[in-house]
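Hi,

Here is the structure I promised to send over. Have a look at it first, and then read my notes below.

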Amino acid sequence: MIFFWGEFCDWYIELIKPRLVSKPGEPSQVACRNLVNLFEASLRLLHPVMPFITDEIWHSIYDGKPPQKSLALAAYPQADEKQINKEAETEMAILQDLIVSVRNLRAELKVEPKLKAPIELFAAEEIRTLIEQNTGAILNDRQANVEKMSFASASLGKMSNTRHTARFDVRLIYEKQVDVGAEREKLTKELEKIEKEKANGERQLGNEQFVAKAPAPVVGKLRSRVAELEVLIPKLKQKLSELR
(Lines give C-alpha, C1' and ligand atoms only; values in the text may rest on other atoms or scores of the structure.)
Protein backbone atom coordinates (compact mmCIF):
# COMPACT_ATOMS: atom_id res chain seq x y z
CA MET A 1 0.00 0.00 0.00
CA ILE A 2 2.86 2.37 0.81
CA PHE A 3 4.31 1.70 -2.64
CA PHE A 4 0.96 2.14 -4.39
CA TRP A 5 -0.02 5.45 -2.76
CA GLY A 6 3.52 6.78 -2.42
CA GLU A 7 5.91 5.81 -5.20
CA PHE A 8 3.25 4.93 -7.76
CA CYS A 9 0.56 7.59 -7.31
CA ASP A 10 2.37 10.51 -5.68
CA TRP A 11 5.60 10.26 -7.66
CA TYR A 12 5.47 8.08 -10.77
CA ILE A 13 2.10 9.15 -12.16
CA GLU A 14 2.68 12.84 -11.45
CA LEU A 15 6.13 12.77 -13.08
CA ILE A 16 4.98 11.13 -16.31
CA LYS A 17 1.80 13.21 -16.77
CA PRO A 18 3.57 15.73 -19.06
CA ARG A 19 4.58 12.84 -21.35
CA LEU A 20 1.06 11.41 -21.33
CA VAL A 21 -0.52 14.71 -22.41
CA SER A 22 2.19 15.57 -24.95
CA LYS A 23 1.68 15.32 -28.69
CA PRO A 24 0.80 11.80 -29.91
CA GLY A 25 3.90 9.82 -30.73
CA GLU A 26 6.31 7.16 -29.54
CA PRO A 27 7.30 8.90 -26.24
CA SER A 28 3.69 9.21 -25.05
CA GLN A 29 2.86 5.69 -26.23
CA VAL A 30 5.83 4.22 -24.34
CA ALA A 31 4.92 6.16 -21.20
CA CYS A 32 1.30 4.98 -21.41
CA ARG A 33 2.32 1.38 -22.06
CA ASN A 34 4.74 1.37 -19.12
CA LEU A 35 2.10 2.95 -16.87
CA VAL A 36 -0.48 0.29 -17.72
CA ASN A 37 2.04 -2.53 -17.23
CA LEU A 38 3.09 -1.18 -13.85
CA PHE A 39 -0.51 -0.61 -12.78
CA GLU A 40 -1.45 -4.15 -13.79
CA ALA A 41 1.47 -5.58 -11.82
CA SER A 42 0.50 -3.42 -8.83
CA LEU A 43 -3.00 -4.87 -8.92
CA ARG A 44 -1.53 -8.38 -8.78
CA LEU A 45 0.58 -7.34 -5.79
CA LEU A 46 -2.44 -5.87 -4.00
CA HIS A 47 -4.85 -8.68 -4.80
CA PRO A 48 -4.16 -10.85 -1.70
CA VAL A 49 -5.13 -7.98 0.63
CA MET A 50 -7.74 -6.28 -1.59
CA PRO A 51 -9.18 -9.14 -3.67
CA PHE A 52 -12.51 -7.82 -4.89
CA ILE A 53 -11.73 -4.27 -6.03
CA THR A 54 -8.42 -5.28 -7.63
CA ASP A 55 -10.11 -8.10 -9.56
CA GLU A 56 -12.79 -5.70 -10.80
CA ILE A 57 -10.26 -3.11 -11.95
CA TRP A 58 -8.08 -5.81 -13.52
CA HIS A 59 -10.98 -7.00 -15.68
CA SER A 60 -11.58 -3.40 -16.77
CA ILE A 61 -7.98 -3.02 -17.94
CA TYR A 62 -8.56 -5.86 -20.40
CA ASP A 63 -11.97 -4.50 -21.40
CA GLY A 64 -13.69 -7.49 -19.81
CA LYS A 65 -11.50 -10.03 -21.64
CA PRO A 66 -8.56 -10.76 -19.30
CA PRO A 67 -6.08 -13.61 -19.94
CA GLN A 68 -7.42 -15.44 -16.85
CA LYS A 69 -10.92 -15.74 -15.43
CA SER A 70 -9.77 -14.22 -12.16
CA LEU A 71 -6.85 -12.13 -11.00
CA ALA A 72 -6.26 -14.83 -8.38
CA LEU A 73 -5.13 -17.12 -11.21
CA ALA A 74 -2.66 -14.62 -12.65
CA ALA A 75 1.04 -15.02 -11.87
CA TYR A 76 2.27 -13.11 -8.83
CA PRO A 77 4.91 -10.51 -9.82
CA GLN A 78 8.50 -11.65 -9.40
CA ALA A 79 11.50 -9.39 -8.85
CA ASP A 80 13.87 -9.13 -11.81
CA GLU A 81 17.39 -8.35 -10.61
CA LYS A 82 18.33 -7.17 -14.11
CA GLN A 83 15.87 -4.31 -13.68
CA ILE A 84 17.37 -3.14 -10.38
CA ASN A 85 19.47 0.00 -10.88
CA LYS A 86 20.98 1.32 -7.67
CA GLU A 87 22.42 4.38 -9.39
CA ALA A 88 19.01 5.35 -10.76
CA GLU A 89 17.44 4.80 -7.32
CA THR A 90 20.03 7.10 -5.73
CA GLU A 91 19.45 9.80 -8.34
CA MET A 92 15.69 9.57 -7.86
CA ALA A 93 16.14 9.85 -4.08
CA ILE A 94 18.14 13.07 -4.56
CA LEU A 95 15.44 14.56 -6.79
CA GLN A 96 12.73 13.55 -4.32
CA ASP A 97 14.74 15.13 -1.50
CA LEU A 98 14.98 18.38 -3.48
CA ILE A 99 11.27 18.47 -4.32
CA VAL A 100 10.27 17.67 -0.74
CA SER A 101 12.64 20.39 0.53
CA VAL A 102 10.97 22.97 -1.74
CA ARG A 103 7.51 21.77 -0.65
CA ASN A 104 8.50 22.13 3.01
CA LEU A 105 9.90 25.63 2.43
CA ARG A 106 6.66 26.66 0.73
CA ALA A 107 4.66 25.29 3.65
CA GLU A 108 6.84 27.02 6.26
CA LEU A 109 6.64 30.36 4.46
CA LYS A 110 2.91 29.89 3.82
CA VAL A 111 3.26 30.44 0.09
CA GLU A 112 -0.08 30.29 -1.74
CA PRO A 113 -0.44 26.84 -3.36
CA LYS A 114 -1.11 28.28 -6.82
CA LEU A 115 1.75 30.78 -6.67
CA LYS A 116 4.89 29.77 -8.51
CA ALA A 117 8.17 30.79 -6.90
CA PRO A 118 11.75 30.64 -8.19
CA ILE A 119 14.46 28.67 -6.40
CA GLU A 120 18.23 28.98 -6.19
CA LEU A 121 20.51 25.97 -5.75
CA PHE A 122 24.07 25.28 -4.76
CA ALA A 123 25.43 21.80 -5.44
CA ALA A 124 28.48 19.92 -6.62
CA GLU A 125 28.89 19.60 -10.38
CA GLU A 126 27.61 16.01 -10.47
CA ILE A 127 24.44 16.86 -8.54
CA ARG A 128 23.92 20.02 -10.56
CA THR A 129 24.06 18.02 -13.79
CA LEU A 130 21.50 15.57 -12.42
CA ILE A 131 19.15 18.41 -11.46
CA GLU A 132 19.55 20.15 -14.83
CA GLN A 133 18.73 16.90 -16.62
CA ASN A 134 15.47 16.68 -14.67
CA THR A 135 14.38 20.31 -14.78
CA GLY A 136 10.96 19.33 -16.09
CA ALA A 137 10.19 17.27 -12.98
CA ILE A 138 11.19 20.11 -10.66
CA LEU A 139 9.19 22.72 -12.56
CA ASN A 140 6.16 20.41 -12.59
CA ASP A 141 3.16 22.23 -11.08
CA ARG A 142 2.14 19.16 -9.08
CA GLN A 143 5.61 18.55 -7.67
CA ALA A 144 7.37 21.71 -6.39
CA ASN A 145 5.48 24.38 -8.39
CA VAL A 146 8.74 26.17 -9.21
CA GLU A 147 8.68 29.18 -11.53
CA LYS A 148 12.33 28.98 -12.55
CA MET A 149 15.60 27.58 -11.26
CA SER A 150 19.07 29.09 -11.00
CA PHE A 151 22.40 27.95 -9.57
CA ALA A 152 24.65 29.80 -7.12
CA SER A 153 28.43 29.70 -7.28
CA ALA A 154 28.83 29.55 -3.48
CA SER A 155 27.08 28.01 -0.48
CA LEU A 156 23.69 29.45 0.48
CA GLY A 157 24.44 28.97 4.18
CA LYS A 158 24.05 32.68 4.94
CA MET A 159 20.77 33.06 3.07
CA SER A 160 17.29 32.90 4.55
CA ASN A 161 14.50 30.65 3.25
CA THR A 162 17.08 27.91 2.70
CA ARG A 163 17.19 24.18 3.26
CA HIS A 164 20.53 22.41 3.61
CA THR A 165 21.28 18.77 2.88
CA ALA A 166 24.52 16.86 2.49
CA ARG A 167 24.14 17.07 -1.30
CA PHE A 168 22.71 20.53 -1.98
CA ASP A 169 21.46 23.86 -0.61
CA VAL A 170 18.14 25.13 -1.94
CA ARG A 171 16.65 28.58 -1.35
CA LEU A 172 13.09 29.59 -2.09
CA ILE A 173 13.13 33.14 -3.45
CA TYR A 174 10.09 34.57 -1.77
CA GLU A 175 9.63 38.02 -0.27
CA LYS A 176 8.32 37.72 3.25
CA GLN A 177 9.24 39.24 6.58
CA VAL A 178 11.18 36.68 8.58
CA ASP A 179 10.35 36.22 12.25
CA VAL A 180 13.90 35.95 13.60
CA GLY A 181 12.78 34.59 16.96
CA ALA A 182 10.64 31.90 15.39
CA GLU A 183 13.39 31.02 12.91
CA ARG A 184 15.94 30.65 15.72
CA GLU A 185 13.55 28.45 17.67
CA LYS A 186 12.91 26.26 14.64
CA LEU A 187 16.61 25.91 13.81
CA THR A 188 17.48 25.19 17.43
CA LYS A 189 14.95 22.37 17.60
CA GLU A 190 16.14 20.96 14.27
CA LEU A 191 19.77 21.13 15.42
CA GLU A 192 18.97 19.39 18.70
CA LYS A 193 17.10 16.68 16.83
CA ILE A 194 19.88 15.86 14.38
CA GLU A 195 22.61 16.11 17.06
CA LYS A 196 20.68 13.55 19.07
CA GLU A 197 20.29 11.37 15.97
CA LYS A 198 24.03 11.64 15.27
CA ALA A 199 24.90 10.75 18.87
CA ASN A 200 22.60 7.71 18.76
CA GLY A 201 24.11 6.61 15.45
CA GLU A 202 27.67 6.96 16.77
CA ARG A 203 26.69 5.04 19.91
CA GLN A 204 25.34 2.17 17.80
CA LEU A 205 28.39 2.14 15.54
CA GLY A 206 30.59 2.12 18.63
CA ASN A 207 28.88 -1.01 19.87
CA GLU A 208 30.98 -3.89 18.56
CA GLN A 209 28.20 -6.43 19.11
CA PHE A 210 25.74 -4.35 17.07
CA VAL A 211 28.23 -3.90 14.20
CA ALA A 212 29.05 -7.61 14.21
CA LYS A 213 25.46 -8.89 14.31
CA ALA A 214 23.55 -6.28 12.29
CA PRO A 215 23.17 -6.85 8.51
CA ALA A 216 25.89 -5.11 6.49
CA PRO A 217 23.38 -2.90 4.59
CA VAL A 218 21.95 -1.63 7.90
CA VAL A 219 25.40 -0.76 9.23
CA GLY A 220 26.37 0.85 5.94
CA LYS A 221 23.21 2.94 5.85
CA LEU A 222 23.80 4.06 9.44
CA ARG A 223 27.40 5.07 8.66
CA SER A 224 26.20 7.08 5.64
CA ARG A 225 23.55 8.84 7.70
CA VAL A 226 26.05 9.79 10.42
CA ALA A 227 28.38 11.14 7.72
CA GLU A 228 25.55 13.24 6.27
CA LEU A 229 24.72 14.65 9.69
CA GLU A 230 28.38 15.59 10.24
CA VAL A 231 28.11 17.78 7.14
CA LEU A 232 24.70 19.21 8.00
CA ILE A 233 25.30 20.17 11.67
CA PRO A 234 27.98 22.84 10.99
CA LYS A 235 25.75 24.44 8.36
CA LEU A 236 22.86 24.73 10.78
CA LYS A 237 25.13 26.08 13.53
CA GLN A 238 26.48 28.75 11.20
CA LYS A 239 23.02 29.78 10.10
CA LEU A 240 21.83 29.91 13.72
CA SER A 241 24.76 32.10 14.76
CA GLU A 242 23.96 34.58 11.98
CA LEU A 243 20.36 35.07 13.08
CA ARG A 244 20.28 38.14 15.32
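To start with a definition, I call a disulfide any pair of cysteine sulfur atoms within 2.5 Å. By that cut-off, a search of the whole structure turns up zero disulfides. Cysteine 32 is partly exposed, with a relative accessible area of 39% (buried is under 20%, exposed over 50%, partly exposed in between, with a 1.4 Å probe and protein chains only).

Some housekeeping: this is a predicted model, so local features need pLDDT of at least 70 and side-chain atom pairs count only at pLDDT 80 or more, while totals for chains, interfaces and linings use all residues. Residues are numbered from 1 along each chain as its sequence is written, and side-chain values use heavy atoms, with hydrogens and water left out.

Now the overall picture. The protein chain has nine helices and four strands, taken as DSSP runs (H or I, at least four residues, for helices; E, at least two, for strands) and numbered from the N terminus. Their order from the N terminus is α-α-α-α-β-α-α-β-β-β-α-α-α. Along the principal axes, the C-alpha trace spans about 70 × 55 × 30 Å. Buried residues are 32% of the 244.

As for contacts (heavy atoms within 4.5 Å), 65% of those with a separation of 6 or more join residues 24 or more positions apart.

Tyrosine 12 sits in helix α1 (residues 2-20) and is partly exposed at 25% relative accessibility. Leaving out residues up to four places away in sequence, tyrosine 12 touches Glu7, Ala31, Asn34, Leu35 and Leu38.

Buried or exposed? Arginine 171 counts as buried, at 16% relative accessibility. Beyond its neighbours within four places in sequence, the contacts of arginine 171 include Pro118, Ile119, Glu120, Leu156 and Met159.

Cheers
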